[in-house]
Amino acid sequence: MAPVGTLWGRPGQRQTKVILSVAALNGFGLAQPEWSFYNKPAEFTAKFPYGKIPTFEGTDGFKLSEGAAIARYLSSIGTVDLLGSNVQEVALVDQWMRFAEQEIGIPAGIIMGTIYGYLAPFNLELTLADFVLAGVIFGATCDARVTSDEKVKQYWGTEQFVDVRITESKPHELITRMYDGESRENIGG
């Protein structure tokens with residue numbers, strides 16, 4: 001893989017997974033130095049004084065932070081069309097990226113921050129709220145699938161992959177069919 005730069009980010013971080021997937025699909029190599037968020041190397045803080053991750057530095061010295069911006073940049077210099085082939089398709093890709101980040105990513109981050117104690121103390125005694133929250137998380141993630149492309153499977157850590165684009169589905173129809181008692185297997189989700 002041709003090296004295009006260095007990526008600082010946690011391997012389990014969703015933005016890092018997206019960036020690594022885009023790089024893999026385009027045949028790009030990204031150096032990933034070992035580091036700790038709480039013990040950042042001087043090289044990192046000198047280049048990225050805000051200390052945010054993920055961050056990227058290209059082989060040409062170009063520096064960028066924010067996961068979606070890095071993924072978009074790598075997509076734009078790659079050969080695989082991930083951004084759309086005309087203005088309307090590009091706008092739709094942007095729409096879905098922003099929807100995922102703002103409408104799903106932020107609320108999910110708040111939930112996970114609460115569970116892991118980053119945002120508020122979490123009561124260790126089991127309550128009905130724990131069951132409801134577990135059900136919501138399970139319902140939102142149990143059938144999450146990305147792609148069957150071998151280049152990106154390694155970043156997502158699951159064996160369930162399909163070649164169906166999420167943006168092609170009609171969520172309201174899926175939800176209606178699920179509430180009517182149809183199984184997820186019959187729906188195709």
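Trainee: How many aromatic pairs does the structure hold?

Mentor: This is a predicted model: local features need pLDDT of at least 70, side-chain atom pairs count only at pLDDT 80 or more, and totals for chains, interfaces and linings use all residues. Residues are numbered from 1 along each chain as its sequence is written, and side-chain values use heavy atoms, leaving out hydrogens and water. Rings of Phe, Tyr and Trp (its six-membered ring) pair if their centres lie within 6.5 Å. The number of such pairs is 6.

Trainee: Why does the pair of phenylalanine 44 and phenylalanine 48 count as tilted?

Mentor: Planes under 30 degrees apart are stacked, over 60 edge-to-face, and the rest tilted. The ring centres of Phe44 and Phe48 are 5.5 Å apart. The pair is tilted because its planes stand at 35 degrees.

Trainee: Is phenylalanine 48 buried or exposed?

Mentor: Buried means under 20% relative accessible area, exposed over 50%, partly exposed in between (1.4 Å probe, protein chains only). Phe44 has 0% and counts as buried. Phe48 has 8%, so Phe48 is also buried.

Trainee: In which sense do β1 and β2 pair?

Mentor: Pairing needs at least two DSSP bridges. β1 (residues 2-8) and β2 have 4. The sense is parallel.

Trainee: What is the bridge partner of glycine 5 in β3?

Mentor: β1 and β3 share 4 bridges. These two strands pair in the antiparallel sense. The partner in β3 is glycine 58.

Trainee: Which residues of β3 are buried?

Mentor: In a regular strand, side chains alternate between the two faces of the sheet. Both faces of β3 are covered. One side has Thr55 and Glu57; the other has Phe56 and Gly58.

Trainee: Which residue in the turn between β3 and β4 has a positive phi?

Mentor: β3 and β4 run antiparallel, joined by 3 bridges. Threonine 55 stands opposite serine 65 in β4. The two strands form a hairpin with 4 residues between them. The residue, with a phi of about 95 degrees, is glycine 61.
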